[in-house]
Amino acid sequence: MLKRSLAVLMILACCGLVPARAEDGAAPFDAELQRLAEILGTLHYLRGICGGSDGAKWRTEMQALIDAETPSGERRTRLIAAFNRGYNGFQQTYRTCTPAATVAIRRYLEEGSKLSRDLTARYAN
C-alpha cells in the first residue's frame with residue numbers, strides 16, 4: 001500500500017513539476033513520458049481486473065499528466081497511444097487476475113515511481 005501511494009505521489013509530482021510545452025515539437029523527456037503513459041495504461045487495466053479499488057485512478061492520473069503537460073498535435077497523440085498500448089497489451093494477455101498479473105502490477109508501480117522521480121529530478125524547474 002505504501003509503495004502504491006508513493007508511486008501515485010511521484011507521478012503527481014512529475015505532472016506538476018515538468019514544464020509544459022505549447023509547441024508540437026518533441027521535448028527531451030518525451031520518451032520517458034510515453035513510457036510513463038504506457039505504465040499508467042497497464043495499471044489501469046491490471047488494477048481493474050485484480051479487484052483494486054484504484055483501477056480507474058490510473059486513467060485519472062493519465063488525464064492529469066496530459067493536463068499538466070498540455071501536449072498538442074502529434075505529442076498528444078503519442079501519449080494517448082502509449083497509454084492505450086499499455087492497456088491493450090495486457091488486456092490481450094490477462095482476462096483474470098493471476099499471480100503473474102499481481103507481480104506485474106508491483107513491478108510497474110516500482111518502474112513508474114522510479115521514472116517519475118527521475119523525470120522530476122532531471123526536468124523540474
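These are my notebook entries on what I looked up in this predicted model.

**Entry 1: confidence**

I checked the pLDDT before anything else. The chain averages 81, and 78% of the residues score at least 70. I then went to residues 1-23, where the pLDDT is below 50. That stretch still has 53 contacts in the model beyond near neighbours in sequence.

**Entry 2: overall layout**

I counted the elements next. The chain has five helices and zero strands, so from the N terminus on my sketch reads α-α-α-α-α. Of the 125 residues in the chain, 42% are buried. I also looked at how far apart in sequence the contacting residues sit. Taking contacts between residues at least 6 apart, 82% join residues at least 24 apart.

**Entry 3: the core**

Which residues touch the most other members of the largest nonpolar core? I got Leu43, Leu46, Met62, Phe90 and Leu119, out of 27 residues in that core. At least two core residues come from each of helix H2 (30-49), helix H3 (57-69), helix H4 (73-93) and helix H5 (99-123).

**Entry 4: Thr42**

I picked a threonine in helix H2, Thr42. Is Thr42 buried or exposed? Its relative accessibility is 2%, so I put it down as buried; the cut-off for that is under 20%. I skipped its neighbours within four places in sequence and listed what else Thr42 is in contact with: Gly86, Tyr87, Phe90 and Tyr108. Phe90 was already in my notes as one of the core residues that touch the most other members.

**Entry 5: H3 against H4**

How do H3 and H4 run relative to each other? Their axes cross at roughly 165° and come within 11 Å. An angle over 145 degrees counts as roughly antiparallel, and therefore that is what I wrote for H3 and H4. The crossing in which H3 passes H4 is right-handed.

I listed the side that H3 brings to this meeting as Trp58, Arg59, Met62, Ile66 and Glu69. From H4 the residues are Arg75, Arg76, Leu79, Ile80 and Phe83. Met62 turns up here and also among the core residues with the most partners.

**Entry 6: Thr70**

I stopped at the loop between H3 and H4, where Thr70 has its place.

Notes. Residues numbered from 1 in each chain as written. Predicted model: local features only at pLDDT ≥ 70, side-chain atom pairs only at ≥ 80, totals over all residues. Heavy atoms only, no water. Core = buried A, V, L, I, M, F, W, Y, C linked by side-chain atoms within 4.5 Å. Buried < 20%, exposed > 50% of the residue type's maximum accessible area, 1.4 Å probe, protein only. Helix = DSSP H or I, 4+ residues; strand = E, 2+ residues; numbered from the N terminus. pLDDT = per-residue confidence, 0-100. Contact = heavy atoms within 4.5 Å. Axes fitted to C-alpha atoms, helices over the stretch in contact; angles between N-to-C directions. Parallel < 35°, antiparallel > 145°, perpendicular 65-115°, else oblique. Left-handed = near helix turned anticlockwise from the far one by under 90°.
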